[in-house]
Amino acid sequence: MTVFRISEVASLLDVSSDTVRRWVDSGRLLAERDEHGHRIVAGVDLAAFVRSPAEPDAVLSSARNRMRGIVTDVVRDGVMAKVEIQAGPFRVVSLMSREAADDLGLEPGVVAVAVVKSTNVVVERSE
């Protein structure tokens with residue numbers, strides 16, 4: 001069974017170790033102690049935690065790839081807009097109608113959620 005130390009969970013989720021400890025202490029994330037007394041998280045428990053909605057009132061959608069972040073740039077022309085969002089370590093770029101960007105009030109500094117739904121997703125794994 002794959003297990004992760006608190007620091008590894010923090011690195012994978014791009015949060016601090018203190019945040020992970022708070023999740024464990026509050027019961028949101030299951031963890032056990034190893035033979036040395038260090039907290040460890042089972043891979044299956046971490047996967048279940050990541051899959052669970054962050055907020056109880058989350059929007060129901062068939063898209064499962066939701067990345068909350070901050071809008072860093074919006075470039076508009078007559079018809080289209082290019083919107084860049086920094087979601088943790090990821091930069092997400094979306095092309096949409098200018099009307100949609102205007103209706104959503106997208107400007108640098110605004111918090112937004114990038115929702116990705118694709119039939120072709122490349123998955124890589126480093127050794």
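A pocket is an open set of grid points with protein on both sides within 12 Å along at least five of seven lines, and a residue counts as lining the pocket when one of its atoms is within 4 Å of a point. The model shown in these views is predicted.

**View 1. The second largest pocket and its lining.** This pocket has a volume of about 200 Å³, and 13 residues line it, with Ile85, Ser94, Met96, Val113 and Ala114 lying nearest its centre. Two or more lining residues come from each of β5 (80-87), β6 (90-97), α4 (98-104) and β7 (111-116), and β7 gives the most, with five residues. Sorted by class, the lining of the second largest pocket holds 12 nonpolar residues and one polar residue, while charged residues are absent from it.

**View 2. An open sheet of three strands.** The strands of this sheet follow the order β1-β3-β2, and their pairing is antiparallel. At the edges stand β1 (3-5) and β2 (32-33), each of which pairs on one side only. Between β2 and β3 (residues 39-42), which run antiparallel, there are two bridges, and Arg33 is found opposite Arg39 in β3.

How values were computed: Residues numbered from 1 in each chain as written. Predicted model: local features only at pLDDT ≥ 70, side-chain atom pairs only at ≥ 80, totals over all residues. Heavy atoms only, no water. Pairing = 2+ DSSP bridges. Helix = DSSP H or I, 4+ residues; strand = E, 2+ residues; numbered from the N terminus. 1 Å grid on protein atoms, 1.4 Å probe; cavity = no way out; pocket = protein on both sides within 12 Å on 5 of 7 lines; lining within 4 Å. Points joined across faces, edges and corners; volume = space filled by probe spheres on them. Nonpolar A, V, L, I, M, F, W, Y, C, P; charged D, E, K, R; others polar.
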